[in-house]
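I wanted to go through this one slowly and write down each thing I looked up. Here is the model I had open.

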Amino acid sequence: MELAELIGLRPAPGAGLLVALTRRCPLSCAHCSTNSSLATTARPDSRQLLRFVDSFQPTDRPDVVLLTGGEPLLLPRLALRLTRSAQRSGTRVALLSGMFFARQGRVPRPVLATIAALDHFSASLDAHHEREVPRAAVLRALRTVLDAGTPVSVHLTGSGPDDPYLADAVAEIRRTFADRVPMLVNEVRPLGRGARLLPQPPHTHSDLAAPPCAMAAWPTIAFDGTVVACCSQRTIDRRPVPPHLRLGHIADDDWPTIRARSLDSPLLRLVRAIGPRRLHARYAPSPPAEGYCRACHGLGEQPTVTEGATREAAGRVGALLDRLTADEQRAAGPAAFVRRFGCARYADLVTLAPAEAKAGR
Ligand code: SF4
Ligand code: SF4
């Protein structure tokens, strides 16, 4: 599975599931949005996770699972078991790593066995990572992964489109892999430790210009096993989770239940179709809180919003609106998606000619 296909699925409700396998990480990047370090042990219960993934059925499963952290490869055997279990039902599995193991100059055997089983492997790279893992070591490890037959991509993060780090890293990766490795380029967000680097949100939207939220399309399993409606770190970390963004818990619910809750929620349908700020402006008497996700968190506290969303989007028309919104975004393609949610200047790198795909995947 190549990066362009994975990103192309991102706007489709229920097409993916994000799993935060552990908050723990051997690195301590200054911009880390998840506040990860070796000091934390938070992670979902392994047995509950395996049971949840076992609930995928060939006729009701996510197309792709993305294993993230923290550092998911601190748990290579669990990642491998989840991968094999998901693949049995036809789901493909991708994993995003901070590449701590590359410091050793080789890919340890259990880590390589897990990576070789994946359908896609992504390496995080940015100036903060490079202070702990040299870029040359990461690129060497990626060569080993490519040789193992797993398609790879690099997720780069910079301070903005003019960051000279991004220009330099992109040029080196393109040169090293002869444009066979696609890249997803993002900008640092003011979340977790990143809030200390960026105290002010880099983007603001007027109520009507604020876009629909495609992030609400894929549920996320948080570090305590709670399943939330999106991948916003503000939502993953907030307790209690705002009721309209809490889909359930892996101790109690299976995938078909979680997927149905996401797809059938009138509020989530409209967050995906028109975005939280327009939804608030349409039905609430008072202005929304500052910020995109903060406005979304407040939606459930407004009875007029819940009533309006239920009237407008609870039935078949709401389901159709949800589907048409996703279809439109998918038709625009993965580069258009990155132009909206990532670093627009580098959006086309997501479709770079991929390395040879794994036969049969
Ligand atoms: S590698 Fe990723 S999870 Fe680990 S500290 Fe750095 S940004 Fe956070
Ligand atoms: S707008 Fe709402 S659903 Fe979308 S990412 Fe923010 S909190 Fe999540």
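These are my notes, sorted by topic.

**Ground rules**

I'm working on a predicted model, where local features need pLDDT of at least 70, side-chain atom pairs count only at pLDDT 80 or more, and totals for chains, interfaces and linings use all residues. Residues are numbered from 1 along each chain as its sequence is written, chains are lettered from A and ligands numbered from 1 in the order in which they are written, and side-chain values use heavy atoms, with hydrogens and water left out.

**Ligand 1**

I looked up which residues come nearest to ligand 1. I then sorted the shell around ligand 1 by class and got four nonpolar, four polar and one charged. For the classes, Ala, Val, Leu, Ile, Met, Phe, Trp, Tyr, Cys and Pro count as nonpolar, Asp, Glu, Lys and Arg as charged, and the others, Gly among them, as polar.

**Ligand 2**

Ligand 2 has 13 residues around it, and the closest are C213, C230, T235, C293 and C296. Which helix gives the most to this shell? I found helix 13 (residues 292–297), with four residues. Helices here are DSSP runs of H or I with at least four residues, strands are runs of E with at least two, and both are numbered from the N terminus. By class, the shell around ligand 2 has 10 nonpolar, three polar and no charged residues.

**Empty space**

Rolling a probe the size of a water molecule over the atoms shows where empty space is left. The search uses a 1 Å grid over the protein atoms alone: a cavity is a set of points where a 1.4 Å probe fits but cannot get out, and a pocket is an open set with protein on both sides within 12 Å along at least five of seven lines. Lining residues have an atom within 4 Å of a point. Points are joined across faces, edges and corners, and the volume is the space filled by probe spheres set on them.

I checked the second largest pocket, which holds about 180 Å³ of space. Helix 10 (255–264) and helix 15 (316–332) are the elements that give two or more residues to its lining. The largest share, six residues, comes from helix 15. The lining of this pocket has five nonpolar, no polar and six charged residues.

Next I looked for cavities and counted one of 30 Å³ or more. The largest cavity has about 40 Å³ of space. Its lining consists of P11, P13, C213, A214, R272, D322, T325, A326 and Q329. Helix 15 gives the most here, with four residues.

**Helix 2**

In helix 2 (residues 46–54), I marked Q48, L49, L50, F52 and V53 as buried. Buried means under 20% relative accessible area, exposed over 50%, and partly exposed in between (1.4 Å probe, protein chains only). These buried residues pack against strand 1 (16–20), helix 3 (76–88), strand 7 (220–221), strand 9 (246–249) and helix 10, with contact meaning heavy atoms within 4.5 Å.

**Y346**

Is Y346 buried or exposed? Y346 counts as buried because its relative accessible area is 11%. I found Y346 in the segment after helix 16 (334–341). Not counting residues up to four places away in sequence, Y346 touches P161, L166, A167, V170 and V185. Y346 and L166 are 180 residues apart in sequence, yet 9.1 Å apart in space, C-alpha to C-alpha.

I found a cis peptide bond joining G69 and G70, with omega about 10°. G70 is in the loop between strand 2 (64–68) and helix 3. The bond from R239 to P240 is also cis, with omega near -5°.

M99 has a positive phi of about 70° although it is not a glycine. M99 sits in the loop between strand 3 (92–97) and helix 4 (109–117), and it is buried, with a relative accessible area of 0%. N35, another residue other than glycine, has a positive phi near 55°. N35 counts as partly exposed because its relative accessible area is 38%.

Definitions and conventions:
A residue is near a molecule or strand if one of its heavy atoms lies within 4 Å of it.
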